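Subject: Structure handover and notes

Hello,

Here is the structure we talked about. My notes on it follow below.

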Amino acid sequence: MSRFFSSKYKALTPYTPGEQPQDMKYIKLNTNESPYPTSEKAQRAAAEAAKKAQLYPDPECRELTEKLADMCGLSFENILVTNGSDEILNFAFMAFCDESCPAVFPDITYGFYPVYATLNNVPYTEIPLREDFTIDTSEYYNKKSTIFIANPNAPTGIALSLSEIEEIVRQNPDNVVVIDEAYVDFGAESALSLIPKYDNLLVIQTFSKSRSMAGARLGFGAASRELIADLNTVKFSTNPYNINRMTMAAGIGVLEDEEYTRNNCRRIQKTRAYTVSELKNMGFESTDSLANFIFVRHPKRDGEGLYRELKARGILVRHFSKPRLSDWLRITIGSREEMESLIKTLREMLGGN
Ligand code: PMP
């Protein structure tokens, strides 16, 4: 730390992204990216847009926003697109949380929530998940705080039903409830349909997972006009041109290639079922994941040891050292071939069980 670093950030521990080692070629199952390439339509649109990179992009992102609004059955004023969904999560902490309105989220969830809270000087409370990693929804009623819930949750993959989400929103009429649906396209129910009914609900989605665009950085929020207007105030006070031309064009392109996205999601769900069943045959336990990753542990092997041995054998998965998670591994669902390699490697490691 330099002697110039503002004292307001002294307590800040930054988020640690999944490792991207360059020492050899790995099967990368550690950052929940899609194994399938970006839609060709999106690629072509981005290449075309690059020809005009000398010009600023549309700060309103009108065409893409209108397309998303159509897709969600909402209006232009109900949508804000951002530089990955991380950006709108940060905007939500900036816009809807402060000393008098703290944040609340589960103790085990996306690791960026406590970082954004600390960055923005927002007090926060973490509500422990039950022993089986499920959320006790009644603990989120009448919180007098801004609530952040990833649905499906990360890194467990466990999802709440739409009626459970609606009850949380209904039980907090005077506070914002943020539902982070980064992984919703792999089998869970979206809360987008509740937006016309509740002015305190913000639903966040991303193009990074189901739409194979993690490298382009595109996410969006959907909510009442009033919430989106507040988020726009924050956006236009930080980075009005938050979406570059190439990403904007690729986003439009991929939305015009919806069948490609839906098909990839189906393939990932099928590969997820296959992987879970093979790992269970080897003695692994698994949560009931509806995401593009699974969360597993082996009763006879510690999580860190498995992670290290897999890495030495060229397969990257994610291990978290937090006490309740240290036995577990989060494994992204890759292509069928990648998962076959994982299964073969684990069989060798576990001695053919
Ligand atoms: N929410 C959750 C629950 C996530 O796991 C991630 C991915 N790390 C994000 C949001 C952010 O994704 P992105 O910024 O790529 O949209």
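Does Arg-225 count as buried, partly exposed or exposed, and at what relative accessibility? Arg-225 counts as partly exposed, because its relative accessibility is 45%. Please keep in mind throughout that this is a predicted model.

Salt bridges

There are 25 salt bridges in the structure. One of them joins the side chains of Arg-225 and Glu-77, with 3.8 Å from N to O. Arg-225 belongs to helix 6, while Glu-77 sits in the loop between helix 2 (62-72) and strand 2, so this pair ties together parts that are 148 residues apart in sequence. Glu-77 is also partly exposed, at 36% relative accessibility.

Glu-33 and Lys-28 form another salt bridge, in which the closest N and O atoms are 3.0 Å apart. Glu-33 is partly exposed, with a relative accessible area of 32%, and Lys-28 is partly exposed as well, with 27%.

A further salt bridge links Asp-136 with Arg-130, the closest N and O atoms being 3.8 Å apart. Here Asp-136 counts as partly exposed at 23% relative accessibility, and Arg-130 is partly exposed with a relative accessible area of 39%.

There is also a network of salt bridges, made up of Arg-301, Glu-309, Arg-313, Lys-344 and Glu-348.

Surface charge

A patch of negative charge on the surface brings together Asp-174, Asp-199, Glu-226 and Asp-230. Asp-174 comes from the loop between helix 5 (162-170) and strand 6. Its relative accessibility is 71%, so Asp-174 counts as exposed. Asp-199, another residue of the patch, is among the residues touched by Ser-224.

Buried positions and their contacts

The contacts in this section leave out neighbours up to four places away in sequence.

Ser-224 lies in the loop between strand 8 and helix 6 and counts as buried, at 9% relative accessibility. Besides Asp-199, Ser-224 touches Glu-77, Asn-78, Ile-195 and Leu-201.

Ile-79 is in strand 2 (residues 79-82) and is buried, with 3% relative accessibility. The contacts of Ile-79 are Thr-65, Leu-68, Ala-69, Cys-72, Leu-74, Phe-220, Gly-221, Ala-222 and Ile-228. The C-alpha atom of Ile-79 is 36 Å from that of Ile-27, and these two residues are 52 residues apart along the chain.

Asn-242 is placed in the loop between helix 6 (225-238) and helix 7 (245-255). At 3% relative accessibility, Asn-242 counts as buried. Asn-242 is in contact with Val-81, Thr-82, Asn-83, Glu-87, Phe-91 and Lys-235.

Ala-182 is in the loop between strand 6 (177-180) and strand 7 (201-206). Ala-182 counts as buried, at 13% relative accessibility, and is in contact with Ile-204, Thr-206 and Lys-209. Leu-290 is 108 residues from Ala-182 along the chain, and the C-alpha atoms of the two are separated by 11 Å.

Backbone points to check

Where are the cis peptide bonds? One joins Asn-151 and Pro-152, with omega about 0°. Another joins Ala-154 and Pro-155, with omega about 5°. Pro-152 is in the loop between strand 5 (146-150) and helix 5, and Pro-155 lies in the loop between strand 5 and helix 5 too.

Positive phi values occur at two residues that are not glycine, Asn-32 and Arg-217. For Asn-32, phi is near 55°. Asn-32 lies in the loop between strand 1 (27-28) and helix 1 (40-50) and is buried, with 1% relative accessibility. For Arg-217, phi is about 65°. Arg-217 is found in the loop between strand 7 and strand 8 (219-222) and is partly exposed, with a relative accessible area of 30%.

Regards

Conventions
Residues are numbered from 1 along each chain as its sequence is written. This is a predicted model: local features need pLDDT of at least 70, side-chain atom pairs count only at pLDDT 80 or more; totals for chains, interfaces and linings use all residues. Side-chain values use heavy atoms; hydrogens and water are left out. Helices (H or I, at least four residues) and strands (E, at least two) are DSSP runs, numbered from the N terminus. Buried means under 20% relative accessible area, exposed over 50%, partly exposed in between (1.4 Å probe, protein chains only). Contact means heavy atoms within 4.5 Å. Patches are made of residues with over 30% relative accessible area and no salt bridge: like charges are joined within 9 Å, nonpolar side chains (Val, Leu, Ile, Met, Phe, Trp, Tyr) within 5 Å. Accessible areas come from the Shrake-Rupley method with a 1.4 Å probe; for residues, only the protein chains shown count as cover. A salt bridge is a side-chain nitrogen of Lys or Arg within 4 Å of a carboxyl oxygen of Asp or Glu. Lys and Arg count as positive and Asp and Glu as negative; His and the chain ends are not counted. The place of a charge is taken as NZ of Lys, CZ of Arg, CG of Asp or CD of Glu.
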